[in-house]
Amino acid sequence: MEPVPDVPFVPTSEEVVRRMLQIAKVKPGDTVFDLGAGDGRILIIAAIEFNAKAIGIEIKKDFVLNIKKKIRALELEDRVSIIHGNFFEVNISKADVVTMFLLESVNERIRPKLERELKPGARVVSHEFKVSEWKPNYFEKFTCSDGSTHDLYLYVMPPEKGSKK
Ligand SMILES: C[S@@+](CC[C@H](N)C(=O)[O-])C[C@H]1O[C@@H](n2cnc3c(N)ncnc32)[C@H](O)[C@@H]1O
């Protein structure tokens, strides 16, 4: 039996995706991880519009198969990949940027893993839900063209303790 997702699928609108990637200052060659990739839209926009390498983690097999199809159709195999698995269990230490649209309770559970694995300077951008215990480096209430507003939180991983950089 397939494991139960920690969060249901609700897509981030493409306008919000673009703003998240802008806020995180995604640049060509950056590696972007989307925790819970859904229909893969963050991966595809990161690769096509920001020239990033994008890696998604998704627990639902049918979503993974759908994303694989999109990657093939758009010929993005060199830049986009999808891992079928649980984001609590997949190593994300290669990330320059992590995107999340989860829940505050799930952010709280994933926080120790982010602190353990992410390198100093890596950016975490969360749609709608803050990471409690962390102070955002930037916050924005983004208004979409349909008038809906979205809380966007940016966190930059601090230098390692003891580092003078
Ligand atoms: C709210 S949707 C966000 C989808 C996409 N990131 C976006 O912003 O459009 C959350 C996604 O996380 C997936 N998910 C939930 N728990 C997961 C877990 N433990 N590991 C991997 N994926 C998970 C769900 O199946 C769903 O597709």
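Predicted model: local features only at pLDDT ≥ 70, side-chain atom pairs only at ≥ 80, totals over all residues.
Student: Which residues of α3 are exposed?

Tutor: K61, D62, L65, K69, R72 and A73. Each therefore has 12 or fewer other C-beta atoms within 10 Å. The buried residues of α3 are F63, I67 and I71.

Student: What covers the buried residues of α3?

Tutor: The cover includes β2 (53-58) and β3 (80-84).

Student: How do you know that the length of α3 agrees with what its residues should span?

Tutor: Helix α3 has 13 residues, 61-73. The expected span is 1.5 Å times one less than the number of residues. That gives 18 Å, and the end C-alpha atoms are 18 Å apart, so the two agree. Just after α3, E75 takes a positive phi of about 55 degrees.

Student: Why is G40 called buried?

Tutor: G40 has 26 other C-beta atoms within 10 Å. The cut-off is 20 or more, so G40 is buried. G40 lies in the loop between β1 (31-35) and α2.

Student: What makes G56, I67, K70 and I82 contacts of G40?

Tutor: Contact requires C-beta atoms within 7 Å. Leaving aside neighbours within four places in sequence, those residues are in contact with G40. I67 is also one of the buried residues of α3. K68 is 28 residues from G40 along the chain, and their C-alpha atoms are separated by 9.0 Å.

Student: Is E128 called buried, exposed or partly exposed, and why?

Tutor: Partly exposed, because 17 other C-beta atoms lie within 10 Å of its own. That count falls between the limits of 12 and 20. E128 lies in the loop between β5 (123-127) and β6 (138-143). Leaving aside neighbours within four places, E128 is in contact with F101, H150 and D151.

Student: What makes β5 largely enclosed?

Tutor: Five of the five residues of β5 are buried, so the rest of the structure largely encloses this strand. R123, V125 and H127 point one way, V124 and S126 the other. In a regular strand the side chains alternate between the two faces of the sheet.

Student: How do you know that β4 and β5 pair?

Tutor: Pairing takes at least two bridges. β4 (residues 97-100) and β5 have four, so they pair, and they run parallel. M100 stands opposite S126 in β5. β5 also pairs with β7 (residues 149-156), antiparallel, over five bridges. There V125 stands opposite L154.

Student: How many residues surround the ligand, and which are the closest?

Tutor: There are 22, and the closest are P5, T12, G36, G38 and F101. The elements that give two or more residues to this shell are α2 (41-50) and β2. By class, the shell has 13 nonpolar, four polar and five charged residues.

Technical notes: Residues numbered from 1 in each chain as written. Contact = placed C-beta atoms within 7 Å. Near = placed C-beta within 6 Å. Nonpolar A, V, L, I, M, F, W, Y, C, P; charged D, E, K, R; others polar.
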